[in-house]
Amino acid sequence: MNTVKLNIGLENNPYEFADVLTLVNELAILNSFRQESGEYNGEPERTFVASLYSEHTKERILKQIERLTIEFTQECIAVKINDVGYLVYNPEYKGEKFEFNNEYFIEP
């Protein structure tokens with residue numbers, strides 16, 4: 001069983017918090033969730049923060065998160081799988097890509 005933690009921005013997301021919750025809940029077993037105030041590009045951003053359990057492989061989880069970047073029109077989604085951090089980028093994103101930075105990750 002893998003522990004998955006997500007930070008998903010809500011400011012430019014076409015979905016409301018409840019809809020994000022529903023779609024994320026379809027990925028795995030939802031353990032906890034809440035809305036926090038995060039930061040993106042130096043600006044405050046409402047952020048969906050969640051912890052889940054998944055029986056899928058790391059590769060499958062990352063592919064599922066990539067699909068969420070498309071659905072939620074995100075440049076990327078920050079995720080931790082078993083406490084290893086990743087920035088999962090939208091496949092259409094052409095800008096500069098950064099490495100995961102735990103300093104900006106909001107723990108569920």
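**Labels and their cut-offs in a predicted model**

User: How do the residues of the lining of the largest pocket divide by class?

Analyst: The lining of the largest pocket has 13 nonpolar, 9 polar and 5 charged residues. The model is predicted, so local features need pLDDT of at least 70 and side-chain atom pairs count only at pLDDT 80 or more, whereas totals for chains, interfaces and linings use all residues. Residues are numbered from 1 along each chain as its sequence is written, and side-chain values use heavy atoms, without hydrogens and water.

User: What makes a set of points a pocket rather than a cavity?

Analyst: Both are found on a 1 Å grid over the protein atoms alone. A cavity is a set of points where a 1.4 Å probe fits but cannot get out; a pocket is an open set with protein on both sides within 12 Å along at least five of seven lines. A residue with an atom within 4 Å of a point belongs to the lining. The largest pocket holds about 720 Å³. Its lining counts 27 residues, and Glu39, Tyr40, Cys76, Leu87 and Tyr104 are the closest to its centre. Two or more lining residues come from each of β1 (2-9), β2 (29-40), β3 (43-54), β4 (76-81) and β5 (84-89). These elements are DSSP runs numbered from the N terminus: helices are H or I with at least four residues, strands are E with at least two.

User: How many cavities of 30 Å³ or more are there, and which residues line the largest cavity?

Analyst: The count is 1. The volume of the largest cavity is about 50 Å³, where a volume is the space filled by probe spheres set on the points, joined across faces, edges and corners. Val4, Leu27, Ala28, Leu52, Ser54, Ile61, Gln64 and Ile65 form the lining. By class that is 6 nonpolar, 2 polar and no charged residues. α2 gives the most, with 3 residues.

User: Why is the pair of tyrosine 15 and phenylalanine 72 called edge-to-face?

Analyst: Rings of Phe, Tyr and Trp (its six-membered ring) pair if their centres lie within 6.5 Å; planes under 30 degrees apart are stacked, over 60 edge-to-face, and the rest tilted. There are 5 such aromatic pairs. Tyrosine 15 and phenylalanine 72 are 5.5 Å apart centre to centre with 75 degrees between the planes, so the pair is edge-to-face. The two residues stand 57 apart in the chain, tyrosine 15 in the loop between β1 and α1 (17-25) and phenylalanine 72 in the loop between α2 (58-71) and β4.

User: What makes the pair of phenylalanine 100 and phenylalanine 105 tilted?

Analyst: The centres are 5.5 Å apart and the planes stand at 50 degrees, so the pair is tilted.

User: Why does phenylalanine 72 count as buried, and why does tyrosine 15 count as partly exposed?

Analyst: Buried means under 20% relative accessible area, exposed over 50%, and partly exposed in between (1.4 Å probe, protein chains only). Phenylalanine 72 has 0% and is therefore buried. Tyrosine 15 has 23% and is therefore partly exposed. Phenylalanine 105, at 8%, is buried, whereas glutamate 103, at 66%, is exposed.

User: How do you know that asparagine 90 is buried, and what lies 3.3 Å from a polar atom of its side chain?

Analyst: Asparagine 90 is in the segment after β5, and its relative accessibility of 11% makes it buried. The backbone oxygen of threonine 69 lies at that 3.3 Å. A polar contact is a pair of N or O atoms within 3.5 Å, where, within protein, one must be able to donate a hydrogen and the other to accept it, and residues adjacent in sequence count only if both atoms are side-chain atoms. Contacts (heavy atoms within 4.5 Å) link asparagine 90 to Thr69, Ile70, Gln74, Glu75 and Cys76, leaving aside residues up to four places away in sequence.

User: What is the phi of threonine 73, and what is that of asparagine 82?

Analyst: Most residues other than glycine have a negative phi. Threonine 73, in the loop between α2 and β4, has a positive phi of about 50 degrees. Asparagine 82, in the loop between β4 and β5, also has a positive phi of about 50 degrees. Threonine 73 is partly exposed at 41%, and asparagine 82 is partly exposed at 40%.

Definitions and conventions: Nonpolar A, V, L, I, M, F, W, Y, C, P; charged D, E, K, R; others polar.
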